[in-house]
Amino acid sequence: MAAEIIPTENTSQDDLDPAFALHRGGKLEVRSTVPVRNKDDLSLAYTPGVARVCTAIAENPELVNDYTWVANTVAVVTDGTAVLGLGDIGPKASLPVMEGKALLFKQFGGVDAVPIALDCTDVDEIVETVVRLAPSFGGINLEDISAPRCFEVERRLQERLDIPVFHDDQHGTAIVALAALRNAATVTGRELKDLRAVISGAGAAGVAIAKILLEAGIGDLCVVDSRGIVHEGREDLTSIKRLIAELTNKAKLQGGIEVALEGADVFLGVSAGKVPEDVVATMAPNAIIFAMANPDPEIMPEVAQKYAAVVATGRSDYPNQINNVLAFPGVFAGALSVRATRVTEGMKVAAADALAAVVADELSADKVIPSPFDERVAPAVTLAVAEAARRDGVARI
């Protein structure tokens, strides 16, 4: 057992908390990929040799993918307004998370990534800034931008750029949730078309999960926000929620989470809203509960397990962690490998299917999704996304 540290006036954060020691100096650095040992190397890496490469790219801009880092480099862009459960903490405080995201891109997908924290929150300013930065990158990963602005930022960037733009808080979560739900349905002897699902949370992740489940053929679903079920009769809906209302809730339910969950097969939590146990108890037999809020799930696993056949959370200390790192490295690696112009719905569903297939022969109630450290994950997702990009006509090679 380690000796207890008794703080003094000279005790540093590093001494008290190993997280500070790990982060000191940052988690990233830039390394060269070519040697510069002598004047000949210098003349090739820089002037005059570099001028020949610049001229070639000026004549044929597509060569930037062959002769610079662009083809394998992503910008991880945030405004710091919705950071990892911490909320609006600003761009500087967001940087440790963005560095961590870049580290995961490299570790799990072999993709280089650069954290970029913007000191602006206006949609126009964010879009214009990213558009101007885009020539240096092969893709844009939007991160921790609050809803509903995040939808507009992503849409407008997709319209203006010819490289993949992917808001991971939306689509990464949705891909992993769909993969886990496919396998959970199999474990309980059903298919997606047999299930009625309830999504708690109508922010970035909730909306994206709803869209991908509809694309994948879910039987029915309804979305619940802080004011209750999102339905067409409500007059307080944003444009995004109004679209969700039009596409979901075949049963025309109205009311709160207690109405939505009665008889439901699936609960997918992407909000901080707690669900009382007596409401959980009204779900259908063999229920599936994915309570993904961090650090405190909407339904604690000890409660969920009383009523559900399969339980997942967003935490690493319980089985079936719904972790975005299972998706985004492979999604970008696949998109970049074929120089895709965008990430399509087909590519997202293909990523989810590939992720589910990784553990298809090992399924159990405690294993409906692979571990982030399963070395099969990134290659499987990468290949599936690249193939889907070609099918969808967005691949350039």
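The exercises below work through helices, a sheet, salt bridges and aromatic pairs in one predicted model.

Residues are numbered from 1 along each chain as its sequence is written, and side-chain values use heavy atoms, with hydrogens and water left out. Because the model is predicted, local features need pLDDT of at least 70 and side-chain atom pairs count only at pLDDT 80 or more, while totals for chains, interfaces and linings use all residues.

**Exercise 1. Describe the order and pairing of the four-stranded open sheet, and find its edges.**

Step 1. Helices (H or I, at least four residues) and strands (E, at least two) are DSSP runs, numbered from the N terminus. Two strands pair if DSSP finds at least two bridges between them.

Step 2. The open sheet has four strands in the order β2-β1-β3-β4, and the pairing is parallel.

Step 3. β2 (112–117) and β4 (165–167) each have a single partner strand, so one side of each is left without a neighbour in the sheet. From one strand to the next, the twist averages 25°.

Step 4. Strands of a sheet pair through backbone hydrogen bonds, either parallel or antiparallel.

**Exercise 2. Identify the buried residues of α7 and α11, and decide how they are placed around each helix.**

Step 1. Buried means under 20% relative accessible area, exposed over 50%, and partly exposed in between (1.4 Å probe, protein chains only).

Step 2. The buried residues in α7 (residues 123–133) are V123, I126, V127, V130 and V131. Seen down the axis of α7, they fall within an arc of 125°, so they line one face of the helix. The arc is that of the directions from the helix axis to the C-beta atoms. An α-helix has 3.6 residues a turn, so residues three or four places apart point the same way.

Step 3. These buried residues of α7 pack against β1, β3 and α8.

Step 4. In α11 (residues 239–247), I240, I244 and A245 are buried. Their arc is within 140° down the axis of α11, so they too line one face of the helix. They pack against α8 (149–160), α10 (204–216) and β6 (220–225).

Step 5. Just after α11, N249 has a positive phi of about 60°.

**Exercise 3. Examine the salt bridges D353 to R182 and E345 to K348.**

Step 1. A salt bridge is a side-chain nitrogen of Lys or Arg within 4 Å of a carboxyl oxygen of Asp or Glu. The structure holds 28 of them.

Step 2. In the bridge between D353 and R182, the closest N and O atoms are 2.7 Å apart. D353 lies in helix α16 (residues 345–358) and R182 in helix α9 (residues 168–187), so the pair ties together parts that are 171 residues apart in sequence. D353 is partly exposed at 33% relative accessible area, and R182 is partly exposed at 25%.

Step 3. For E345 and K348, the closest N and O atoms are 2.7 Å apart. The two residues are three apart in helix α16, about one helical turn. E345 is partly exposed at 32%, whereas K348 is buried at 6%.

Step 4. Salt bridges that share partners join D124, E152, R155, R156 and E159 into one network.

**Exercise 4. Classify the ring pair F105 and F332.**

Step 1. Rings of Phe, Tyr and Trp (its six-membered ring) pair if their centres lie within 6.5 Å; planes under 30 degrees apart count as stacked, over 60 as edge-to-face and the rest as tilted. By this rule there are five aromatic pairs.

Step 2. The ring centres of F105 and F332 are 5.4 Å apart and the planes stand at 75°, so the pair is edge-to-face.

Step 3. F105 lies in helix α6 and F332 in helix α15 (residues 328–337), so the pair ties together parts that are 227 residues apart in sequence.

Step 4. F105 is buried at 0% relative accessibility, and F332 is buried at 1%. F105, F166, F328 and F332 form one aromatic cluster.

Key: Contact = heavy atoms within 4.5 Å. Axes fitted to C-alpha atoms, helices over the stretch in contact; angles between N-to-C directions.
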